[in-house]
Amino acid sequence: MKSPEPENFGAHSRRTFLKTLGTAAVTAAAARAQSVAAELEKVNAEKTLGPGAVPVTLKVNGETLKLMLEPRVTLLDALRNYSSLTGAKESCDRAACGACTVMMDNTPIYACQKLAIEAQGREITTVEGLAKNGKLTKVQQAFWDKDALQCGYCTPGFVMSVTALLKKNPRPTAEEVKHACAGNLCRCGTHPHILQAVFQATGVNTASKTEVMDYA
Amino acid sequence: MKAFEYATALSTDSARQLVADHGAYLAGGNDLLGLLKEYLVSANILVNIKSLPGLNQIESGSKNWTIGALVTVGQIEGHAEIKKTFPGLHEAASEVASQQIRNVATVGGNLSQHSRCWYYRHRDTVCLKKGGDLCYARNGENRYHSLFTGNDCISPVVSNLATAFTALDATAIVLRDGKETRMGLAELYQKAWENPTAHNSLNPGDLILKIEIPTARRRSAYLQASDKHAFDWALVNCAAAANVVDGKLSQPRVALGCISPVPHQVQAANDFLDGKILDDATASQAADLILKGAQPHEHNGYKVPLAHALIRRTLLKLKG
């Protein structure tokens, strides 16, 4: 996946900046970035912004995106149409289907019902941010292995919901998986395979633990 | 969505000033952005209130707990002490929408969400709730609508938390005209009973700050029935709270949602249950009292037996 390079992207991306520093400095820099974000929020607080485009800085998949957005632009719109990050899908645009699921500070949310301007200072992770150096995560690999998709449109959303679940609960029961994925709809009906994929990702032998997900 | 201005408020005073006459408070945004996208409400400014100090806390106390209006539904679901102290509230929160929504949806937003009536939500329909002349649901598709109402609009309140808070006899602390005003849950929705265009009793600019829940009732329970197992509004929901001593109820309160524009409660039923031993027959008689005078429409008659069953089951859950 090509890195997002909006027109007004700064001369130094977070990645090139970090490459020049050691690990200790990275930690310090990250801490400073947090406090800079907090400072910025204070400075901008109580100031009326918009309705025209205003500078919005997002941290997506560890990179800093500097964008010019109207306050009404949703996080999903900012990702897909202003940053070329099309992993999160637009389907219902009403917080009803889960195709746009991303993680905000490790918590799954619907990107379609969150304003981009509100997501400043938060760590946003999209499906593009999961694989490192071309190596799929356990969850992604399990979706692949278990054929847990058909048309694939809902898949990034499911992958994000499952990834968030396993961070919090590494060995979920089938019920817990269903509860965590209730906000993701799949019209192809791949739920049984998704459940198998989750079990594979958690290291459970799926041959003996497979059950059909009852999403009646 | 139409374009709007945006500001982050750091104090309730400035939030109120920034919202002025034509703005809207933004917290979780689930309901608000949906309404803006459908052009059902208009706002010239969205005032982000998530940075208001002190409103995202859950505070326990011996007589009362307070839950800030910015606490997320997910925080309630994940709070072990709430699960122990107010199981009915915990169950109601767990059934709200999906985890993606619960992670951002706030208590204040859940309580003040607008009607889900499909005529109200349809951008091209100017129904009674939107200031038109006619409630289209009355003679239209009304399977999700009310059994009780004090006006011509039959769209019901659908907040799970409102039902649980009503059973627990909670009080909302609302910022109105620069002062903190205390409103019981009945009061918080009373205007929706009388006025077809109201979703609750909040005036423009009013802001729910906190919910105070008395700990007087040691037991509580919540049940809902929906078309889908998960991620769905309730067809009917029911919450009950009481103390149970030697099988006898004291201070019992039962509330239902999705069958009236206000959380439905009947004092005569609460009085009837007081001092009674909980059994099937008692629960059934209470359900009769609670549903007395229900006025089903063409497609929602099923809600009467459904509500009856839910009241019985919820009450019996109090036995533990």
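Reply:

**A helix of chain B and its setting**

In this predicted model, the buried residues of α2(B) are B:Asn30, B:Asp31, B:Leu32, B:Leu33, B:Gly34 and B:Leu36. These amount to 6 of the 8 residues of α2(B), so the helix is largely enclosed by the rest of the structure. A residue is called buried here if 20 or more other C-beta atoms lie within 10 Å of its own.

The surroundings of the helix can be named. Just after α2(B), the backbone at B:Tyr39 takes a positive phi of about 60°.

Chain B is divided into domain 1, which covers 1–53, and domain 2, which is made up of 58–113 + 154–317. Between the two domains, 13 residues of domain 1 of chain B are in contact with 11 residues of domain 2 of chain B. On the side of domain 1 of chain B that touches domain 2 of chain B, α2 (30–37) supplies at least two residues, as does α1 (12–19) of chain B. The largest share of that side comes from α1(B), with 4 residues. Sorted by class, this side of domain 1 of chain B has 6 nonpolar, 4 polar and 3 charged residues. The centres of domain 1 and domain 2 of chain B, taken over C-alpha atoms, are separated by 26 Å.

Chain B also meets chain A. This contact takes 29 residues from chain B and 31 residues from chain A. On the side of chain A that touches chain B, two or more residues are given by each of α2 (23–44), β4 (107–110) and α6 (174–181) of chain A. The element that gives the most to this side is β4(A), with 4 residues. By class, the side of chain A that touches chain B has 13 nonpolar, 9 polar and 9 charged residues.

Chain A itself may be described briefly. Its secondary structure comes to 8 helices and 5 strands, and along the sequence of chain A these follow the pattern α-α-β-β-α-β-β-β-α-α-α-α-α. Of the 216 residues in chain A, 42% are buried. Among contacts in chain A between residues at least 6 apart in sequence, 59% join residues at least 24 apart.

Key
Residues are numbered from 1 along each chain as its sequence is written. Chains are lettered from A and ligands numbered from 1 in the order in which they are written. This is a predicted model: local features need pLDDT of at least 70, side-chain atom pairs count only at pLDDT 80 or more; totals for chains, interfaces and linings use all residues. A residue is buried if 20 or more other C-beta atoms lie within 10 Å of its own, exposed if 12 or fewer, and partly exposed in between; C-beta atoms are placed from the backbone. Two residues are in contact if their C-beta atoms, placed from the backbone, lie within 7 Å. Ala, Val, Leu, Ile, Met, Phe, Trp, Tyr, Cys and Pro count as nonpolar, Asp, Glu, Lys and Arg as charged, and the others, Gly among them, as polar. Domain bounds come from an automatic or database domain assignment.
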